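Reader: Could you show me how to read a ligand site and some salt bridges in a model?

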Amino acid sequence: MLEKRPAAAPTSFPLASTLRIGIVHARWNTECIDALVKGSVDSLLKSGVKKENIHIESVPGSWELPHGTSRMIAASQIQASSAATDLMGATSLLDGEDSKPESQTSSGPLDAIISIGVLIKGSTMHFEYISEACVHGLMRIGLDTNVPVILGVLTALTEEQAKQRSGIGANAHNHGEDWGTAAVEMASKTKGWA
Ligand code: DLZ
């Protein structure tokens, strides 16, 4: 059986402690989302990213991920020269609970962002429309801004598949861990290529 995960990534990231990484996640299918966000954060920390350099925000659903991702990148870039108190800026998309006081997180431009959502196919065409728009939107933001956008969107045909890929249950693998490593690798390389 073919290994469906990427070949081993570099294990050492000298720039990791200087990287600022954003995570924006949808709030649908929270059991999986919580596990995926935790998996991403754990692997960022394991790779050497500092806790205060990890910024987490949320949006209602996966449809809103491209907008949230774009806003979070833009807000981080203007933040250094403004009095913004959170990464979403004055017109915050947040409902407050995941907004952190400025003192707990560092400020400055994000070096990469992980956009996390879990779409589970239902009986209507919602799944197809949202999945396609979301992944195209996220790719466009990465290319337009030159900030690596890591695709953390699960498009699962069943709840079981989604759990399996969120590390929930026997023999499950948490894809959030891979997304954290991908963010550090792409952020490091992008800094190195600059
Ligand atoms: C409406 C909807 C549906 C049916 N399913 C999901 C889902 O499985 N995962 C997800 O992240 N979001 C879902 N949404 C919500 C949409 O993404 C969006 O938040 C709403 O349509 C409001 O724009």
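Predicted model: local features only at pLDDT ≥ 70, side-chain atom pairs only at ≥ 80, totals over all residues.

Reader: Which residues surround the ligand?

Author: A residue is near a molecule if one of its heavy atoms lies within 4 Å of it. Here the shell includes Trp28, Ser62, Glu64, Val118 and His126. By class, it has 7 nonpolar, 4 polar and 1 charged residues; Ala, Val, Leu, Ile, Met, Phe, Trp, Tyr, Cys and Pro count as nonpolar, Asp, Glu, Lys and Arg as charged, and the others, Gly among them, as polar.

Reader: What is 2.4 Å from an oxygen atom of the ligand?

Author: An N or O atom in the side chain of glutamate 64. For serine 62, the side-chain N or O atom is 2.7 Å from a ligand oxygen.

Reader: And how do I read a salt bridge?

Author: Look for a side-chain nitrogen of Lys or Arg within 4 Å of a carboxyl oxygen of Asp or Glu. The structure holds 7 salt bridges. In one of them, aspartate 42 pairs with lysine 38, with the closest N and O atoms 2.7 Å apart.

Reader: Is lysine 38 buried or exposed?

Author: Lysine 38 is exposed, at a relative accessible area of 52%; buried means under 20%, exposed over 50%, and partly exposed in between (1.4 Å probe, protein chains only). Aspartate 42 is partly exposed at 35%.

Key:
Residues numbered from 1 in each chain as written. Heavy atoms only, no water. Polar contact = N/O pair within 3.5 Å; in protein donor to acceptor, adjacent residues only side chain to side chain.
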